[in-house]
Amino acid sequence: MKILSFFTKLLHLLPSEFSHGLALNSLKFLHVTGLLKLLLPIQRHRSIAKKEEKEQFLEKFKNRVGFAAGLDKNGDYIDCLAALGVGFIEVGTVTPEAQNGNPKPRLFRNRSEKSLLNRLGFNNKGVDYLMNNLKNRQTKIIIGTSIGKNHNTPNEFAYRDYLLCLDKVYEFSDYVAVNISSPNTKALRELSDESYLRILLSKIKSKQETLSYSFGHKPIFIKVSPDEELDNLKSICNLIIELQLDGIICSNTTVDHLDANGKGGVSGAPLRRKATEKQLFIKDIVKNNIPIIASGGVMSVEDYQEKVDSGADLVQVYTGFIYEGPKLILDLVNL
Ligand SMILES: Cc1cc2nc3c(=O)[nH]c(=O)nc-3n(C[C@H](O)[C@H](O)[C@H](O)COP(=O)(O)O)c2cc1C
């Protein structure tokens with residue numbers, strides 16, 4: 001474990017996006033060669049203690065800790081990330097067509113704040129590529145797939161992109177996350193306005209019903225922005241309940257920052273409080289009716305506990321993993 005922690009620190013000396021790729025490829029190498037198992041202490045497998053009847057879905061998770069969307073956008077690292085002991089991974093966000101995303105540099109570390117700023121813009125290899133990786137995965141842990149729209153699809157036709165992705169990934173995913181909250185695709189966040197969202201989510205609901213005849217019911221989660229005004233957040237929650245969608249992910253990155261590297265979404269420590277406050281607000285509306293996945297600023301065991309104490313059923317990590325490496329994941333899954 002010490003070697004992995006040392007390697008994580010070493011990677012921080014390299015440019016952000018380069019070290020990101022290097023880290024995941026090294027992890028894959030360690031996994032494929034069987035070395036990863038030797039470097040990790042034995043994991044205790046435990047199921048979630050609290051089993052509420054409404055949460056049949058949650059019973060399938062071996063623990064509450066997962067990797068957030070964006071870490072494995074194309075599903076290239078599913079098995080090696082799963083080997084770290086998490087209960088679930090959200091892959092994507094994927095779009096119908098492959099796209100390069102925004103010009104580089106577009107990923108920055110702010111070490112003193114323990115944050116990342118990214119304006120990647122849904123760089124991904126397209127839904128067919130991801131689908132193939134989903135089909136070929138070995139792990140049995142829960143895999144969610146985050147779906148989005150291509151940058152050149154206007155919002156009025158965005159539903160077509162979401163439906164196309166949903167159609168393709170549904171069979172091979174344990175849940176699907178609808179990403180309407182990335183700040184790095186122009187006007188994407190406008191999809192959370194009631195006028196767009198009602199149409200989008202109604203179409204998604206009806207597609208889910210159709211697909212469930214062939215592949216069973218797969219929960220659909222909506223991922224929200226931490227920058228959402230409370231009135232609108234309330235309407236989103238009510239719409240999710242009204243349309244009988246299955247859950248909510250709180251939250252994506254925030255644009256509420258003064259990061260010297262310019263535009264983009266901030267994640268990590270500075271996001272924690274804001275994301276938790278929004279989560280508490282959501283919990284107050286949805287009560288125990290639907291599961292909440294917390295995301296935003298989980299950098300330590302205490303941060304994780306804060307999310308659970310604030311009503312999260314599952315907790316995702318991204319930036320904490322970049323800063324603390326596999327040790328954080330082990331600490332969390334062994335709680
Ligand atoms: C580099 C990077 C890429 C991301 N890409 C996505 C994405 O494709 N889809 C998505 O829903 N969220 C994406 N996110 C947001 C994360 O899933 C997560 O919600 C956010 O970073 C807050 O969690 P954290 O503070 O633990 O990082 C990305 C975050 C980062 C840092």
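α8 passes α9 in a right-handed crossing.

User: Before we go on, what kind of model is this?

Analyst: It's a predicted model. Let's stay with that helix pair.

User: Fine. At what angle do the axes of α8 and α9 cross?

Analyst: For a pair like this, look at the axes and then at the angle. Helix α8 covers residues 230–242 and helix α9 covers residues 272–286; their axes come within 10 Å and cross at roughly 45 degrees. Angles under 35 degrees count as roughly parallel and 65 to 115 as roughly perpendicular, and α8 and α9 are therefore oblique to each other.

User: And which residues in α8 meet α9?

Analyst: Here's the general idea: an α-helix has 3.6 residues a turn, so residues three or four places apart point the same way. In α8 the ones to look for are Leu230, Leu233, Lys234, Cys237 and Ile241. Across from them, α9 brings Lys278, Phe281, Ile282, Ile285 and Val286. Sorted by class, that contact has eight nonpolar, no polar and two charged residues.

User: How are α6 and α7 placed, roughly parallel or oblique?

Analyst: Go by the angle again. The axes of α6 (residues 158–169) and α7 (residues 194–215) come within 10 Å and cross at roughly 25 degrees. That makes α6 roughly parallel to α7. Their crossing is right-handed. On the α6 side, the contact is made by Ala158, Tyr159, Tyr162, Leu163, Leu166 and Asp167, while α7 supplies Ile199, Leu200, Lys203, Ile204 and Lys207. By class, you get eight nonpolar, no polar and three charged residues there.

User: What about α5 and α6, at what angle do their axes cross?

Analyst: Roughly 20 degrees, with the axes of α5 (residues 127–135) and α6 coming within 10 Å. That makes α5 roughly parallel to α6, and α5 passes α6 in a right-handed crossing. Val127, Met131 and Leu134 of α5 make the contact with Cys165, Lys168 and Val169 of α6.

Conventions:
Residues numbered from 1 in each chain as written. Predicted model: local features only at pLDDT ≥ 70, side-chain atom pairs only at ≥ 80, totals over all residues. Axes fitted to C-alpha atoms, helices over the stretch in contact; angles between N-to-C directions. Helix = DSSP H or I, 4+ residues; strand = E, 2+ residues; numbered from the N terminus. Parallel < 35°, antiparallel > 145°, perpendicular 65-115°, else oblique. Left-handed = near helix turned anticlockwise from the far one by under 90°. Contact = placed C-beta atoms within 7 Å. Nonpolar A, V, L, I, M, F, W, Y, C, P; charged D, E, K, R; others polar.
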